[in-house]
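The sequence and coordinates come first, and the discussion follows them.

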Amino acid sequence: MTPQIHLHVLASGSKGNAAVIEGPAGSVLVDDGITRRALLARARELGVNVDNIRAILLTHEHTDHIAGLPVFANHFGGPLYATAGTVAARERLSQLPFEVISRMDSLELGGMLVNVFPTSHDVADPVGFRFASIDENGEVADALGYCTDTGVLTDEAGQALTGCRVLALEANHDERMLATGPYPGYLKQRIHGRRGHLSNAQAANALPDLVTKETEVIVGMHLSHENNRPSVAVRALAAAVGAEAANETFTEARTPDGHLTVCVSAQDAPFSVW
Ligand SMILES: [Zn+2]
Ligand SMILES: [Zn+2]
């Protein structure tokens, strides 16, 4: 695949999520769980022009995905998209002029075909997205999968995420750290459950099916601050695809042929995948 779609993670984790997906003809903002001020500062840091944002897509209504949206939307002229369940779940969302999408929709935004797929989370109607650019022959030129906040990978997610060049997949927690960590029992149950969050092991177990020869970058997303570590997540994901440590801290890994890189996103350190 030819890189035509770029991922800019502005924030990822339970304190706030926002990512800009840059396509051939404009960008899309996925989730807005950080302040407008932080969003603008982080975009500037990465050299991302927010004036190119054509639309905003929401995965679901949890605060860490929407906290910044009401203010950002005030300054934004483009369309907002979310499922009917997401919009209806929060008054601050239902007051905004959303265009409702369904969990199996496809849209065209920023020169990309956006496929919506259902995720499994303890909210009304959560979704993930696959972004693809299509060449003049109708073939997929580049593809990026984005899936966070899901307790299990749905069949639809599995299909949508297979063969993407860039795979942004939740690796929320290490199962042992969660089990032995400080969280109260009900919260451990919730995170671990089918409508909670994907663990490092669950993400790693999915990789052999999702990764094809087209896949070049795997980004572990939405890492828990308490129940995970960048090196722990990278180690787990790397082992599943035969990648080896690419730096001393094991926060990045690469296959011996250099084709596939494994890395993780961070709550407060924005970064780009080109
Ligand atoms: Zn979240
Ligand atoms: Zn959530």
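Within strand S2, Val 20 is the bridge partner of His 8. The model is a predicted one, in which local features require pLDDT of at least 70 and side-chain atom pairs count only at pLDDT 80 or more, whereas totals for chains, interfaces and linings use all residues. Residues are numbered from 1 along each chain as its sequence is written, chains are lettered from A and ligands numbered from 1 in the order in which they are written, and side-chain values use heavy atoms, with hydrogens and water left out.

**Strand S1 and its partners**

Helices (H or I, at least four residues) and strands (E, at least two) are DSSP runs numbered from the N terminus, and two strands pair if DSSP finds at least two bridges between them. Strand S1 (residues 6-11) pairs with strand S2 (residues 18-23) in the antiparallel sense over five bridges. The two form a hairpin with six residues between them, and Gly 13 in the turn has a positive phi of about 145°. S1 also pairs in the antiparallel sense with strand S16 (residues 271-273), over three bridges, and there Phe 271 is the bridge partner of Val 9. Six of the six residues of S1 are buried, where buried means under 20% relative accessible area, exposed over 50%, and partly exposed in between (1.4 Å probe, protein chains only).

**Nonpolar cores**

A nonpolar core is a set of buried Ala, Val, Leu, Ile, Met, Phe, Trp, Tyr and Cys residues joined through side-chain atoms within 4.5 Å. The largest such core has 29 residues, of which Leu 7, Ile 21, Leu 57, Phe 129, Phe 131 and Tyr 146 touch the most other members. A second, separate core of 28 residues includes Ala 157, Leu 169, Ala 204 and Val 234.

**The zinc site**

Asp 64 (OD), His 65 (NE2), Asp 149 (OD) and His 222 (NE2) coordinate the zinc ion (ligand 1) at 2.1 to 2.3 Å; donors are N, O and S atoms within 2.8 Å of the metal (3.2 Å for Na, K and Ca), and because water is not among the atoms, sites may look incomplete. The angles among the four donor atoms run from 92 to 165°, and the site is irregular. Asp 149 bridges this ion and the zinc ion (ligand 2), the two ions lying 3.4 Å apart. Asp 64 is buried at a relative accessible area of 13%, and His 222 is buried at 2%.

**Salt bridges**

The whole structure contains seven salt bridges, each defined as a side-chain nitrogen of Lys or Arg within 4 Å of a carboxyl oxygen of Asp or Glu.

Lys 213 counts as exposed at 69% relative accessibility, while Glu 214 counts as partly exposed at 25%. Salt bridges that share partners join Asp 142, Arg 165 and Glu 216 into one network. Asp 125 is buried with a relative accessible area of 16%, whereas Arg 103 counts as partly exposed at 35%.

Key. Tetrahedral: all angles 85-135°; square planar, octahedral: opposite > 155°, others 65-115°.
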